[in-house]
Amino acid sequence: MGSSFKTYILLLLLPQFFPFSSFAVRDIGIVPINHNLIVHVDPLVNPGGNLNVAVDVDPAASNLDDGTIGPNDGGNAALNLIKDGHNAALNLVHEGINAALDLINGGKVNDGGSDYAKPELETNFMGEWKIDCPNAGVGAMQLQLMPNDQVVWFDATTLGPSARKLEPEGNCPPNPDTQNQPDCFAHCIAYDWKTAKSRTIVLSGEPWCSSGNLWPNGNLVATGGTFSGVKAVRMLPMDDLKSDFIERKDALGDFRWYSSNQVLEDGSAVLVGGRESWSIEVVPPTLDFKPKKIDFPFLKETCTPPKGPNRFIENNLYPFVYLLPDGNVFLFANDRSINFNPITGKISCEHPLLPGGARNYPASGMSALFPLKLMPENPLPLNVEVVVCGGNKQDAFERVDAKHVTEKEFVPALKDCHRIHPMKPGAVWEDEQEMPSERCMGDLLHLPTGDLIMLNGAKKGTAAWEDAIDPNFTPILYSPGKPMGKRFKEMNPTTIARMYHSSSALLPDTTILVAGSNPHQFYTFNHEFPTELRVEKFSPHYLDPALDDQRPSICPRQTDKVIKYGAPFKVVVNPLKSKKILEPGDVKVTMIYPPFTTHGFSQNQRLIVLALKAIENNVITAFAPPSGNIAPPGYYMMFVNYLGVPGPGLWVHIDK
């Protein structure tokens, strides 16, 4: 063979084995890399049950006589795929895409890009910002979207008055952390994202830099903080729109200041770390429990030692934690990561160090678990992958914070991103495309489409009071399934600096709510970067008005809103304005768990791409996720996407 060639293989899967399951070619260019065979496989719904695989073969590497598949035997691998097509297809579906791709592609795992049989609808719309509320009165240090469509956010209770008084007038409960002096000011609100109206909530026990999650019944729980709240558990009921937080002091087994929560398969949550708290503990979804902490030396090992009394650096606070499909938890702290059993604390594997800087508070990079894509009759997702972006140098905080220096040096934040497959044996960090700009203290949120968005943060400095400058005003659309070099796209910038103590949330209408930013100890307004009380909404690219005719909308009355693990359920979609009929391969259904967002980390955030069984007359039959390790019990926003255009979401509940 004197020139490169491409072999296309069509493997016909027996419909009785794999109804409505297939794969489609994403990239059909000839890409010989290091003389390896390159295969692109994408999941999508196709009633024909076809497997489309594009195989790139470098003739310099081909060996058609060897009889084995080696890293350079591209031609032989193609022949084997042709010869044993049906068996290969069975293995791809039942044994998992990753293992097959590892074998063929020299250890590289790639679950593909587009989830559609046709090109996605294109738009040049770069997003739009609008002020939703000119003054909410309370800073958004911690923020949680609840299934009752209230966005709850709260600030510290010991750092002076807010800009809003508790309601009704004269409501001044004693503050346990200020010698029980009356406190007439609000430190927490519930914000109705549909109307922009809000109410104040009484919050007792200092929740400064706390963590949180939702219970399976939709109640909000906030854990830890400092002072009288350092071991507290606070609960806000979902079904009482007039309730204040119900608090139980000293409920936890350890101090939880700057800790992270991850909801587990039974609805309990593992709490990880905190300032000088080198332990974990599991907290059930109730206020009545006995605390039990487990010592966890890894957290002390990843903590940069303090430089003297009250001169902490740490670099491992608010660690990144993700529940994995095998029930273990992935933990990233500072620049190291592990998988561990949240019940016993046993570490099952340690991953290589991620060089280049610190990624957790106060360097405050961003991280997310990529979408978990499901297929019929396959209990495991096609791919499990974590990304970590930004942050700053290991000594960046020490060079800027007033506790350590008299003259601040604002070190430029990092631009790099890295990806890892934490469930893969011998997993290594792979370099991702660099972000268009430096960013620390940013938020990284899932969008209904399976893309992500980066927003908020700064280009120089770190977290902590007045330790950053040069706000990053520009949101970044991040499409991790696209080819390298095309994964980041800058959107229209905001004009409001959102740095330390800012938060954001994806809303059911597919916009992004953004609130907060207070780089100062107290509410301060006569400053270049004042305490920010305006609330914004950002409309991403897919809300281009030109796409409205293609935007699907779910019919709530006819759609199943209570689903059971592994069971099929129906999603009824109203007719598109364009009159187009939904067809297999045109549609993607996603479920998003609403995260608790604080200090640049969205705790418990996960997106699941559901397996689809059938689409007929705009009625989608989908399979619920198979277990609580894939989708912890509780409320999710469910979205229907048509060729990359999502419609408004619907709250659904999953449980045993």
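P168 lies in the loop between β8 (150-154) and β9 (174-175), and the peptide bond that joins E167 to P168 is cis, with omega at about -5°. This comes from a predicted model, so please read each value below as computed from that model. The chain has four helices and 49 strands, and 62% of its 656 residues are buried. Among contacts between residues at least 6 apart in sequence, 63% join residues at least 24 apart.

**Backbone geometry worth a look**

- A cis peptide bond also joins Y361 and P362, where omega is about 10°.
- P362 sits in the loop between β24 (347-350) and β25.
- Most residues other than glycine have a negative phi, and most peptide bonds are trans.
- Y318 has a positive phi near 45° and is not a glycine.
- The loop between α4 (297-301) and β21 (320-323) is where Y318 is found, and with a relative accessibility of 1% Y318 counts as buried.
- M441 is not a glycine either, yet its phi is positive at about 60°.
- M441 belongs to the loop between β29 (430-432) and β30 (443-446), and its relative accessibility of 5% makes M441 count as buried.

**The six-strand sheet**

- Six strands form an open sheet in the order β12-β11-β8-β7-β42-β43, and their pairing is antiparallel.
- At the edges stand β12 (198-200) and β43 (601-603); each has a single partner strand, so one side of each is left without a neighbour in the sheet.
- From one strand to the next, the twist of this sheet averages 20°.
- Three bridges link β11 (residues 188-192) with β12 in the antiparallel sense.
- For I189, the bridge partner in β12 is T200.

**The four-strand sheet**

- A further open sheet has four strands in the order β13-β14-β15-β16, again with antiparallel pairing.
- Its edge strands are β13 (211-214) and β16 (246-248), each of which pairs on one side only.
- β13 and β14 (residues 220-223) run antiparallel and are joined by four bridges.
- G212 has A222 as its bridge partner in β14.
- Strands of a sheet pair through backbone hydrogen bonds, either parallel or antiparallel.

**Strand β25, covered on both faces**

- Strand β25 (residues 366-369) has M366 and A368 on one side and S367 and L369 on the other, and all of these residues are buried.
- β25 pairs with β27 (residues 386-389) in the antiparallel sense, over four bridges.
- Within β27, C389 is the bridge partner of M366.

**The second largest pocket**

- The volume of the second largest pocket is about 550 Å³.
- Of the 26 residues lining this pocket, W208, Y258, R275, K403 and W465 are the closest to its centre.
- The lining of the second largest pocket is made up of 14 nonpolar, four polar and eight charged residues.
- Rolling a probe the size of a water molecule over the atoms shows where empty space is left.

- S337 belongs to strand β23 (residues 336-340) and counts as buried because its relative accessibility is 0%.
- Beyond its neighbours within four places in sequence, S337 is in contact with F298, F330, L331, F332, E350, H351, P352 and W429.
- I294 lies in strand β20 (residues 293-295).
- Although I294 and W278 are 16 residues apart in sequence, their C-alpha atoms are 8.7 Å apart in space.
- Not counting residues up to four places away in sequence, I294 touches S279, I280, I343, T344 and G345.
- K561 is in the loop between β38 (535-539) and β39 (562-564), and its relative accessible area of 34% makes K561 partly exposed.
- In sequence K561 and I654 are 93 residues apart, while from C-alpha to C-alpha they are 8.5 Å apart.
- Leaving aside neighbours within four places in sequence, K561 is in contact with P556, L650, W651, V652 and H653.

Conventions: Residues numbered from 1 in each chain as written. Predicted model: local features only at pLDDT ≥ 70, side-chain atom pairs only at ≥ 80, totals over all residues. Heavy atoms only, no water. Pairing = 2+ DSSP bridges. Helix = DSSP H or I, 4+ residues; strand = E, 2+ residues; numbered from the N terminus. 1 Å grid on protein atoms, 1.4 Å probe; cavity = no way out; pocket = protein on both sides within 12 Å on 5 of 7 lines; lining within 4 Å. Points joined across faces, edges and corners; volume = space filled by probe spheres on them. Nonpolar A, V, L, I, M, F, W, Y, C, P; charged D, E, K, R; others polar. Buried < 20%, exposed > 50% of the residue type's maximum accessible area, 1.4 Å probe, protein only. Contact = heavy atoms within 4.5 Å. Axes fitted to C-alpha atoms, helices over the stretch in contact; angles between N-to-C directions.
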